[in-house]
Amino acid sequence: MNIAVAQSGGPTCAINASLVGVYKEALKTPQIDAIFGSINGIEGIINDALIDLKTVIKTNDDMELLRQTPSTVLGSCRYKIPDNDEEIYQRIKECFDRHNIEAFFYIGGNDSMDTVEKLSRYLKEIGSGTKVIGIPKTIDNDLCITDHTPGFGSAAKYVATTVQEIIRDSSVYSIPSVTVVEIMGRHAGWLAASTCVLRANDEIAPHLIYLPECNFTVKQFLADVKAQMAKHKAVIVVVSEGVEIPEHEAEGSYQSGAVDNFGHKYLSGVGKLLEQIVSREIGCKVRSIELNVMQRCSAHICSKTDIDESESIGAAGVRAALSGETGKVMVFNRISDVPYVVDISCVAATEIANKEKKFPKEWITALENDVNENAFRYFLPLIQGEVKIRMKNGMPVHFKLNK
Ligand code: F6P
């Protein structure tokens, strides 16, 4: 039998580690012959754009380098399979038949699991034996059922490290200041909330953390900032990109209004808006910093725990397909925080596709401007360990398909 693997959705530091997990496990499996990589996610299957991975990932050294290379080596897509477009399904089926693909692994987030669900259902209905397995990933950490998602721990480690550097930078002057850091996460505040781990290193900041799960008002925000300014010279505010400002109409439109194929709005600009509000209403030195895409591909400070787990969950996906599973997504189950122990199992893709797991309300403080101890205990294990990154000329080396 042959297999195919594809990567989908927004980049992370760990998607290639999951690809390596699939690849290595397939190499050790005698019944698997060719291992195809699909270019740009499911679009590569629809358009028959496949590459034989054995011709590009040739040595252990290649695998090691790919494992620590951020983003998606095969490219990505944000493509939603139309519900009733028979032709698309037929093209996928033809591609699988043409290349004897008996198992397909889709590494992606909640939108990509929609593809896993629809495709596996279609293949079952037409009597095809090809198995479809989802391997989770997203820096947003918003997939249901799984304890956390591959890619999240590395993004959390980067944002905490960067916020710590911002704290040092912003505290040098004698004048009062406010620094607003905008962090990705779409409609879930996990990544912004994860900056609380800095308290493990005796940082008091971030002084305020705002999540999309909180009720945000400009009035309360200004009161919170003023209260923190009374105690701290340099106030650090973390805001998740998905926080909605009910009064934002008064500020003019701060978002582009553009949407992706799944209808998701491009979220960006809430930090800048809060900067303008602080400048106008408080009048102190204020700066906003949007971490933007840097937080997705910051492999130089990735979490070893995340990279190791991402490889393991890819390998587990291959074993699940070989044992007959289809239409399933691999998930982590946390057994304990200290010592940190997880195991891997799989659940029906319907449990995860198109759903969002929000940050728990019980982990948000009463004033809705910070998170509590439960969050801290949950996040800390996910950022542990460092990967020794290969360097050249003083810069990290990345694996590239066209060397
Ligand atoms: O993949 C998740 C994510 O990184 C979100 O945090 C963010 O809102 C979105 O993707 C950005 O999408 P794009 O990569 O299409 O700009």
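How many residues does the largest nonpolar core have, and which have the most contacts inside it? The views below take up that question, using a predicted model.

**View 1. A look into the largest nonpolar core.** This core has 38 residues, and Leu211, Phe359 and Phe379 are the ones with the most contacts inside it. Two or more residues each come from α6 (152-170), β6 (177-183), α7 (190-193), β8 (234-240) and α11 (373-379). As a bit of background, nonpolar side chains in soluble globular proteins tend to be buried together.

**View 2. Phe379 and the residues around it.** Leaving aside residues up to four places away in sequence, Phe379 touches Phe152, Trp190, Ala193, Ser194, Cys196, Val197 and Phe359. Several of these names come back in an aromatic cluster made up of Phe152, Trp190, Phe359, Trp363, Tyr378 and Phe379.

**View 3. Phe152 meets Phe379.** The structure holds 15 aromatic pairs. In this one, the ring centres of Phe152 and Phe379 sit 5.9 Å apart with the planes at 40 degrees, so the pair counts as tilted. Phe152 belongs to helix α6 and Phe379 to helix α11, so to speak a link between distant parts of the chain, 227 residues apart. Both Phe152 and Phe379 are buried.

**View 4. Another tilted pair, Phe216 and Phe221****.** Here the rings of Phe216 and Phe221 are 5.6 Å apart, centre to centre, and 35 degrees separate their planes. Buried or exposed, what are these two, Phe216 and Phe221? Phe216 is buried, and Phe221 is buried too.

Key. Residues are numbered from 1 along each chain as its sequence is written. This is a predicted model: local features need pLDDT of at least 70, side-chain atom pairs count only at pLDDT 80 or more; totals for chains, interfaces and linings use all residues. Side-chain values use heavy atoms; hydrogens and water are left out. A nonpolar core is a set of buried Ala, Val, Leu, Ile, Met, Phe, Trp, Tyr and Cys residues joined through side-chain atoms within 4.5 Å. Buried means under 20% relative accessible area, exposed over 50%, partly exposed in between (1.4 Å probe, protein chains only). Helices (H or I, at least four residues) and strands (E, at least two) are DSSP runs, numbered from the N terminus. Contact means heavy atoms within 4.5 Å. Rings of Phe, Tyr and Trp (its six-membered ring) pair if their centres lie within 6.5 Å; planes under 30 degrees apart count as stacked, over 60 as edge-to-face and the rest as tilted.
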